[in-house]
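Me: I am new to this structure and would like to learn how to read it. Could we go through it one feature at a time?

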Amino acid sequence: MENDKKAAARAALTKYIEENNCRKTTERFALLDTIYDIEGLFTMEELAERMAVQNFHVSRATLYNSLNLFVKLCLVVRHRFQAETKYEACCDTSNHCYQTCTVCGKVVELDVPEVAKALESVRLKRFRKEYYSVYFYGVCQTCQTRSKRKKNNLKGTKKSNIDKNE
Ligand SMILES: [Zn+2]
């Protein structure tokens, strides 16, 4: 991600820490930098892995508390999907459209011109809209195939049971 965005996020965190007399931990800044280097969505586990690669072993409590603080400061957006919670650096104030699988939690960013066209024409009362995120919830191809196979296997089992009873 661009350095000016990272610098702006760092400045916002510094300001908060100074105003609230918090400890200025290097961990928090390292976390913020790492988050702003990630393209797109990430989970808390993925963030922990990236930190570990940089030899920063951050406890789950620190990860959790820092993410909560970043969300509060509007530096990170939290997306609560059915399967898991994902995060995203939020200096990215552009429009996004995603499809998310409610079974495996896979999220894919989409380019849907129809959505963009429809939403850009929306006028909101007493509100200056800036950007949007749209999520389509459903079942991905892999999960559809998997559930079909499971159903077929079940049918097979039932049939053999009936055969045995006859
Ligand atoms: Zn899926």
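This is a predicted model: local features need pLDDT of at least 70, side-chain atom pairs count only at pLDDT 80 or more; totals for chains, interfaces and linings use all residues.

Me: Are C101 and C143 buried or exposed?

Reply: C101 is buried, and C143 is buried as well.

Me: Where is T142, and is it buried, partly exposed or exposed?

Reply: T142 lies in helix α6. Its relative accessible area is 48%, so T142 is partly exposed. The C-alpha atoms of T142 and C101 are separated by 9.7 Å, although the two residues are 41 places apart along the chain.

Me: Next, the helices. At what angle do helix α3 and helix α4 pack?

Reply: Two packed helices are described by the angle between their axes and the distance between the axes. For helix α3 (residues 44-53) and helix α4 (residues 60-72), the angle is about 115° and the axes are 11 Å apart. The crossing of α3 and α4 is right-handed.

Me: Which residues make the contact between α3 and α4?

Reply: From α3 come M44, E45, L47 and A48, and from α4 come R60, L63, Y64 and L67. By class, the residues of this contact are six nonpolar, no polar and two charged.

Me: L47 is in that list. Which residues does T34 touch, leaving out those up to four places away in sequence?

Reply: T34 touches L47, R50, M51 and Q54. T34 itself is in helix α2 (residues 26-37).

Me: Why does T34 count as buried?

Reply: T34 is buried because its relative accessible area is 3%, and the cut-off for buried is under 20%.

Me: Now the backbone angles. What is the phi of N55?

Reply: Most residues other than glycine have a negative phi. The phi of N55 is near 65°, a positive value in a residue other than glycine. N55 is found in the loop between α3 and α4. With a relative accessible area of 65%, N55 is exposed.

Me: What is the phi of C74, and where does C74 lie?

Reply: The phi of C74 is near 60°, also a positive value in a residue other than glycine. C74 lies in the loop between α4 and β1 (76-80). At 56% relative accessibility, C74 counts as exposed.

Me: One last residue. Where is K117 found, and is it buried or exposed?

Reply: K117 is found in helix α5 (residues 113-120). K117 has 67% relative accessibility and therefore counts as exposed. Its C-alpha atom is separated by 12 Å from that of C97, a residue 20 places apart from K117 along the chain.

Conventions
Residues are numbered from 1 along each chain as its sequence is written. Side-chain values use heavy atoms; hydrogens and water are left out. Buried means under 20% relative accessible area, exposed over 50%, partly exposed in between (1.4 Å probe, protein chains only). Axes are lines fitted to C-alpha atoms, for helices over the stretch in contact, and angles run from 0 to 180 degrees between N-to-C directions. Helices (H or I, at least four residues) and strands (E, at least two) are DSSP runs, numbered from the N terminus. A crossing is left-handed if the near helix is turned anticlockwise from the far one by less than a right angle, and right-handed if clockwise. Contact means heavy atoms within 4.5 Å. Ala, Val, Leu, Ile, Met, Phe, Trp, Tyr, Cys and Pro count as nonpolar, Asp, Glu, Lys and Arg as charged, and the others, Gly among them, as polar.
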